[in-house]
Amino acid sequence: MHLHHTANAPVIKAVIPAAGLGTRFLPATKATPKEMLPVVDKPAIQYVVEEAAAAGLTDVLMITGRNKRALEDHFDRAHELESLLQAKGDTDRLALVRASSSLATVHYARQGDPKGLGHAVLCAEAHVGDKPFAVLLGDDLIDPRDPLLARMVEVRRQCGGSVVALMPVPEDRIHLYGSAIVRPPAPGDATRDADGDVRVLSGLVEKPAPGTAPSNLAVIGRYVLDPEIFGVLHETPPGRGGEIQLTDALHTLASDDRYGPVHGVVFEGRRYDTGDRGDYLRAQVQLACEHPELGASFTDWLRKYAAAL
C-alpha cells in the first residue's frame, strides 16, 4: 500500500548502480569498472555524482560489483597525490583532485550477482529506508545546464509517488527502451496537461516489439522513487534475461490504483549516451567540443579533420 507518511519527505539520497561487467568495452574494462572510463578528463561516474550533488542529493550509495576499489579510491582523499601537488604549487590540479572527494558522502554496497537494475535497487533498501530516493544510471550523462533531476524532485514534491525521466525518440529506436503508456490528462488538470513537461503514466512496456510501442516517450536513466518500490520489487518475478526489471515494478505501480502515482517528466535537453562504444565515442566528441578549456582548439581541429576525410 502507498506509504502516505513519505509523501512530503525531501529527497536527499541518490543510488547509482555501478555493478555491470562492462562487457561491451572489453578489454578496457577487464580491470577497470566501466563507470571509471574517462569522458574527456573525468570518469563517467563523476559526472553522475556531480549531477546528484547539484540537485541537493549529497548522500550517495553506489551499488558495486567487482573492481569497486577504483571507484572507492576516486571518491576518497588522495593524501599522497595532494601533498605532491601542494609541494609543486600546482593549485589548479590540486583543486581538481580534491573536488571528487568533496562532492558528496559516498557509501558502497555490493550487488553480488548482477541480476538486473531492479535487483540493484533492492540492494539499496537498508540504506534508503522509508524515504524517497533517486536512482541515476551512469550510461546517461545529463548536461549540467539542463537540471532534469531537480525538476523530477520538484514533481515528486508536488505530486507524490514516483517520477521517471522520459525522452522523445524516433519510432525506429523506441524498441531499444522502455516505452511509457501515457494516461490522457484529466479535464482541468493544468499541471499534467499535454502542453507541460509532466505526464501521468498508466504503465510501461520494456523494449516493445517494433510497431507496438504505446508512445514515442522512452524511459532514460533517471528515477525518483517512492520507497513503496521496494515492496513491489520483492514481489516482481525475474523478467527479460532472468533479471529483476525496474521497469516491471514501475509498471505495477503505474497500473495499480492501490499505489501512488507514477509521473513522467519529458526531457528534451542535452543527454550524452555512453552505453556502447559508438555512443561513448560520440559523447566524448560532443563534450570535448563543449569543454571550456579544450573546446575551441578541439573543434577547430575536428572541422579540419572531418573536411579531409
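**Close-up views of a predicted model**

Residues are numbered from 1 along each chain as its sequence is written, and side-chain values use heavy atoms, with hydrogens and water left out.

**View 1. Lysine 207 in its loop.** Lysine 207 is found between strand E10 (198-206) and strand E11 (217-225), where strands (E, at least two residues) and helices (H or I, at least four) are DSSP runs numbered from the N terminus. Although lysine 207 is not a glycine, it has a positive phi of about 45°.

**View 2. Valine 40 in the loop between E2 and strand E3 (42-43).** Valine 40, which is not a glycine, has a positive phi of about 60°, and valine 40 is partly exposed, with a relative accessible area of 26%.

**View 3. The cis peptide bond between leucine 26 and proline 27.** Omega is about 5° at this bond, and proline 27 lies in the loop that runs between strand E1 (13-18) and strand E2 (38-39).

**View 4. Residues of helices H8 and H9 in contact.** Glu228, Ile229, Val232 and Leu233 in H8 meet Leu246, Ala249, Leu250, Thr252 and Leu253 in H9, where contact means heavy atoms within 4.5 Å.

Methods:
Predicted model: local features only at pLDDT ≥ 70, side-chain atom pairs only at ≥ 80, totals over all residues. Buried < 20%, exposed > 50% of the residue type's maximum accessible area, 1.4 Å probe, protein only.
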